[in-house]
Amino acid sequence: MDNRAGEMQVFVRVVEAGSFSEAARQMMMTPSTVSKLIGRIETRLGVRLIERSTRRLSLTNEGQVYYERSTSLLTELDDIEKDLSLGAQHASGTVRVNASVAFGARGVEPLLPAFWAAHPHIRVDLSLSDEIVDLYLDRTDVAFRVGALESSSLIARRIGTARRKIVASPAYLQRHGVPRTSDDLDHHNCLGFNFRRSAPVWPLKQGGRIVDRTVGGNLLANNGETVRRMAIAGVGLARLADFHVTSDLAAGRLVEVLAGDGMGDAEEVHALHLGGQRVPRRVRAFLDFMVPRLQAFMKGS
């Protein structure tokens, strides 16, 4: 009978315990049995996973990969059993979610208390980053993406449209003047982003068509929230999604400029998840709860 899951459990325990003897004690096995199990894995794979010394254990490169993948697989097995043990009426386990900083803070986070009230057995592992994550490599169940989607095997559920607005604080505009045309941006401090997919251009209407206008400034940030805070502080102009700045515009902390020139500057927002024959119940429950509420949130922005 194939008992690779059991061998993985022993391997993970050895790594986390830091020694064969301590892992054996925790698992109520003999050190020689633990050593033989690790040796069996290495023989089957044809690689060394652990470098042994009298003082400590260290993982080889192959051992590190095997540890990370084993941990992921054992967690998934645990989640499957939790799903089934609680019965069909309950979804349980961990949903790993990624979203941009702004969309996560303004859209996802406010919905979490109500989500947990409806699904108390689901744990949400939430990461906020404006970088694009690989759902496979980062073990992410759901990613909320703003922008164009690449062709892939991922399943996409549309959330809405994020319209970009160019904004600044009243204090900044008082000091530097209000830009009236896209050419005026040459004389303004335009705050930008430093992630790989970002380019120092703002798409603006010029001569009846949309033109990518090159801009520059004294800030490049890896998330929209930093850019927003610097705009409120009067540092410069910022190009941000409408859902990100709606409350600031209403409160007068920010003012929109070049509104006519920015018409058509919009990006779609989607919830992405892995496809395949089986979407875990916990992931389906999360999406079914979040998507319609986030669609309403986007419409209200």
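This is a predicted model: local features need pLDDT of at least 70, side-chain atom pairs count only at pLDDT 80 or more; totals for chains, interfaces and linings use all residues.
**The second largest pocket and a helix pair**

Helix α4 makes the greatest contribution to the lining of the second largest pocket, supplying seven residues. Rolling a probe the size of a water molecule over the atoms shows where empty space is left. The second largest pocket has a volume of about 710 Å³. Its lining comprises 24 residues, of which Ser72, Glu76, Tyr136, Arg139 and Leu274 are the closest to the pocket centre. At least two lining residues come from each of α4 (61-85) and α10 (281-299). Sorted by class, the lining holds ten nonpolar, eight charged and six polar residues. The pocket lies between domain 1 (4-86) and domain 2 (90-300), because both domains give residues to its lining.

A pair of packed helices was also examined. Two packed helices are described by the angle between their axes and the distance between the axes. For helix α1 (residues 4-17) and helix α3 (residues 31-45), the packing angle is about 115° and the axes are 10 Å apart. Angles of 65 to 115 degrees count as roughly perpendicular, and α1 and α3 are therefore roughly perpendicular to each other. The crossing of α1 and α3 is left-handed.

Note on methods:
Residues are numbered from 1 along each chain as its sequence is written. Side-chain values use heavy atoms; hydrogens and water are left out. On a 1 Å grid over the protein atoms alone, a cavity is a set of points where a 1.4 Å probe fits but cannot get out, and a pocket is an open set with protein on both sides within 12 Å along at least five of seven lines; lining residues have an atom within 4 Å of a point. Grid points are joined across faces, edges and corners, and a volume is the space filled by probe spheres set on the points. Helices (H or I, at least four residues) and strands (E, at least two) are DSSP runs, numbered from the N terminus. Ala, Val, Leu, Ile, Met, Phe, Trp, Tyr, Cys and Pro count as nonpolar, Asp, Glu, Lys and Arg as charged, and the others, Gly among them, as polar. Domain bounds come from an automatic or database domain assignment. Axes are lines fitted to C-alpha atoms, for helices over the stretch in contact, and angles run from 0 to 180 degrees between N-to-C directions. Angles under 35 degrees count as roughly parallel, over 145 as roughly antiparallel, 65 to 115 as roughly perpendicular and the rest as oblique. A crossing is left-handed if the near helix is turned anticlockwise from the far one by less than a right angle, and right-handed if clockwise.
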